[in-house]
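Try each task before reading its solution.

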Amino acid sequence: MTMTAPLAAAFFAVIIFLIMAGVAPFLASRQASLVRIAFLFSAAASVMAVYAGIAAVSAGSAETLIIPIGLPDLPFYLRVDALSGFFVAVVALLGLFVSIYSFGYVSGLAEGRPVTSLVVFYCLFMAGMLLVLLSGDAYFFMISWELMAVSSYFLVCFEDESVEARRAAFIYLLVAHVGAVMILLAFGILAGFAAGFENFGGFTFQAMRGAHLPPMWASIAFLLAFSGFAAKAGVIPLHVWLPEAHPAAPSSVSALMSGVMLKTAIYGMIRVTFDLLHAGAWWWGGLVLCLGLVSAVMGILYALLQVDLKRLLAYSSVENIGIILISLGLAMIFKSFSMNLLAALALVAALYHCLNHAMFKGLLFMGAGAILHSTHGKNMEGMGGLIHRMPQTAVIFLIGCLAISAMPPLNGFVSEWLAFQAFLLSPVLPGQLLRLLFPLGAALLALTAAMSARCFVKVYGVVFLGHWRGKQPCEAHEVGVSMRLGMGLAAVMCVGLGLFPTFVIGWMDPITKGLVGASIGSSAQAFGWMWLTPVASARASYSAPILFAGVMAVIAAAYYILHARSSAVRRADIWDCGFPKLTARMQYNSTSFAMPLRRIFGSLLLIRESVKPGDARRPLPFQERFTYHLRVMDRVWYSCYRPLSDAAFWVARHATRLQHGRIQIYLMYSFITLIVLLFFA
Amino acid sequence: MIYSISIECLQIAFVLGAAPLFVGWVRMLKCWAHGRASAGLLQPYRDIYKLFYKDVTIARNASWIFRAAPYITFGACVLAGGIIPVISTDLPLSLSADVIALVAVFAIARFFTALAGMDAGTAFGGMGSSREMMVASLAEPAMLMSVFTISLVAGSTTLSQMVHVSLSSPLVLRPSLAFALLAFALVAIAETGRIPVDNPATHLELTMIHEAMVLEYSGRHLALIEWAGEMKLFLFASLGVALFFPWGMAGVYNPLMLPVAFVSLAAKLAAIGAAIVLVETRLAKMRIFHVPEFLGIAFILATLGMLSFFMLE
């Protein structure tokens, strides 16, 4: 039993997390040192796992290790290949930044309440995510999946005195388990066809890979697995837990949940469809593409209408998962038509967006935590002007906003550019439906990108610019060094991944080679490291370093020329067309910024808007005050989930009639049952 | 290589220099159409020159974003001037940024202008930013879709390659390009803030879009923003020329063609200027909430263009 370096390092990292989770309760009496020790070790373990992931992708070959614990005949298989290595690197990289951030953030929380449970479940959560990626059989995968789900459940209801947090955590647990059942059923089908339904021989991924499924059963397995993973990833219409759970959790946890936990579901989708089922019919990809489009567009529309910063970021995660699914769906369509090079391009776009989204969404959630920490509020309507109070956080947060809005030369643009290339490079595919789907898909992806820029102009403009909007005077202050460092490192990654995509894509080669049998790394670098040329330089090329240097040179030249003659800069009151008596309440806020959108797309959303006069006795023109009510509700919740939960309660209410609490009646039930059984026997 | 770099520099200088002239031409024609006396072709130059020599007044609350935004906007527009083939397809910068990146470069400029509008904390600034982002978020996808149709025809998203393909292929009337042209024209009107979407000459508070965002600017900052705006109009006009009517543009290493390129571009731009004036004198500015319908039409036209490529060609 020999272990290769990547697998050993990753496994060791998991062991450290598990040990920390075990040790943390013994340090509960000293909260300050608990936080320091726990996050120091978790940072160290993350570094190790990052190394393991990077090395595993570079090595490109799969390594397996069997741990003889578990049930008889069901040992645990640990396995790392290029695909799982990539996701291990993504998870651990954000884990590292969040650990650094947590030194300051969790210490801040520890002033108000004990954080032992947070530390314990944080470590278990990290271990769970890594084990999901490292598991090489369905049984161990499900155990790790549950470890991840349950530990994150406890993290979501960390502030368990609040009703919303408990409710959010319950919905999360419910959706997570419905999803887990689906995944289990999918694995059951796969294992059954691999080695028969009577024994456990088919439960390893290795056996499933060799199974030959009839097309119908393959499709059923795919649909089950996809819907199970979609519930975890927050694909519309299974996203309802996401905007509840992310705002309820502490910000460091939201960063991890949104940044990387959703990605484990993407990992599951790729593992099952590409690796285990070898990407079957084209309509699988079409389905994924369509759901991705719906999630992307509706996600960003809902995000734009939110006033709670963390809720907004949660909906934006729905959008980004949608973008990943769009690329993934394209890859599946291309693969089903054996266009391996195009499939590799689309798959790289999807994976690159996974990495990018982990970085910028992690950064933005950490930023939201910093804002929460310093202003004690999540509602954007009460914020403003924080750029003067938190100058460094403001710069870092701006990088996150630019990256998520897909602005070059940052990373968000690269993955979106690759996705557009995948759309545009597609030759004419057979089937009228597909020909219709491609232009529509490109159009909706373009719409999403433009909308997300608008969304994050709103976020940054309302939170950091202008005047403070709160009723109490602003007491916000810059956050501590460790929090700034955690966010700053994520921001550096956003810039780095944007400026040097060729290196990253070259590194990712073994993944696509293993899954779709083609790679774009060599053609992407064909023109030199500065130019990204996905297929051929005549088709498309993009060079972030030159673009960045070009804009910077022009800016520097303009600045230098204009400042050759010294001219005074005078600070004065706001002009605003000479409008006097301007107050902070007259600024545009989050709701008013999004108002045009409510007018345009109102029919897609469920909006309740009303204006009530303050004094009912007076006639309307003489009112002094009006109360304005606005509620934006999730249409999916009210049209799909509400009837379902109502029905469940109805059934439950009627079922309670059976229970009277009287022993005679229960004895009668037993008696009747016995009679019926005897009768049928 | 040296030839292409010098062409690149020549083109950037040309865009910087000629953009105010184009605006001057449009304004002069408009004055004539209205029966007014015009201030002459060179008035935009005088305006920029005057603003450069004025002192800067900044609102007390404004942050560094407010001061950086004019430079970023200007830098983005100058860079765009190096990407779009205006006189020649022999552009090294065109290989560094394809048409998707070009749209994103304009988006950066807009992102920072919109932030600057919200920075001072005024009612009008926020209104302008909100409206500008509304127009942009609908115009940008329509623009991408209309350009993608040409990319599909040319088999490339690199602008110089797209122009090269349409220059070297025989003239074929394609239905997809007709849709794309219509969509592009509608989008260009919205993106450059012309009537009927926005009125560049207005200072009537409630009708402003772009002007409302830059209301607080003065001095050299305002000069940079104005100049960048003029370049944007010039560049959208030349982008339309490059994508749909590129004939006369100089190819790779073809210095003898350059004078022809200048003359043909001048003629085409003069015609486009006349078309703008015709539209602006015939139409009234529309209500702000009719703009989404206007851009929705552009979006549908552009998608139809791409669809007709996939279905028919």
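The axis of a helix is here a line fitted to its C-alpha atoms over the stretch in contact, and the angle between two axes runs from 0 to 180 degrees between N-to-C directions. Keep in mind that this is a predicted model.

**Exercise 1.** Work out how helices α12 and α13 of chain A are oriented to each other.

*Solution.* Start with the geometry: α12(A), residues 309–336, and α13(A), residues 340–375, pack at an angle of about 170°, and their axes lie 7 Å apart. Next, recall that angles over 145 degrees count as roughly antiparallel. The two helices, α12(A) and α13(A), are therefore roughly antiparallel. Finally, look at what meets there: the contact of α12(A) with α13(A) has 21 nonpolar, seven polar and three charged residues.

**Exercise 2.** Check the span of helix α18(A), then find what covers its buried residues.

*Solution.* Helix α18(A) has 19 residues, 481–499, which at 1.5 Å a residue should span 27 Å. Its end C-alpha atoms are 26 Å apart, in agreement with that value. Among the buried residues of α18(A) are Met483(A), Gly486(A), Ala490(A), Cys494(A) and Leu497(A). Their cover includes α3, α13, α15, α16, α19 and α22 of chain A.

**Exercise 3.** Count the disulfides over all chains.

*Solution.* A disulfide needs two cysteine sulfur atoms within 2.5 Å. By this rule the count is zero. Take Cys290(A): the nearest cysteine sulfur, in Cys640(A), is 17 Å away. For Cys354(A), the nearest is that of Cys494(A), 15 Å away.

Note on methods
Residues are numbered from 1 along each chain as its sequence is written. Chains are lettered from A and ligands numbered from 1 in the order in which they are written. This is a predicted model: local features need pLDDT of at least 70, side-chain atom pairs count only at pLDDT 80 or more; totals for chains, interfaces and linings use all residues. Side-chain values use heavy atoms; hydrogens and water are left out. Helices (H or I, at least four residues) and strands (E, at least two) are DSSP runs, numbered from the N terminus. Angles under 35 degrees count as roughly parallel, over 145 as roughly antiparallel, 65 to 115 as roughly perpendicular and the rest as oblique. Ala, Val, Leu, Ile, Met, Phe, Trp, Tyr, Cys and Pro count as nonpolar, Asp, Glu, Lys and Arg as charged, and the others, Gly among them, as polar. The expected span of a helix is 1.5 Å times one less than its number of residues. Buried means under 20% relative accessible area, exposed over 50%, partly exposed in between (1.4 Å probe, protein chains only). Contact means heavy atoms within 4.5 Å.
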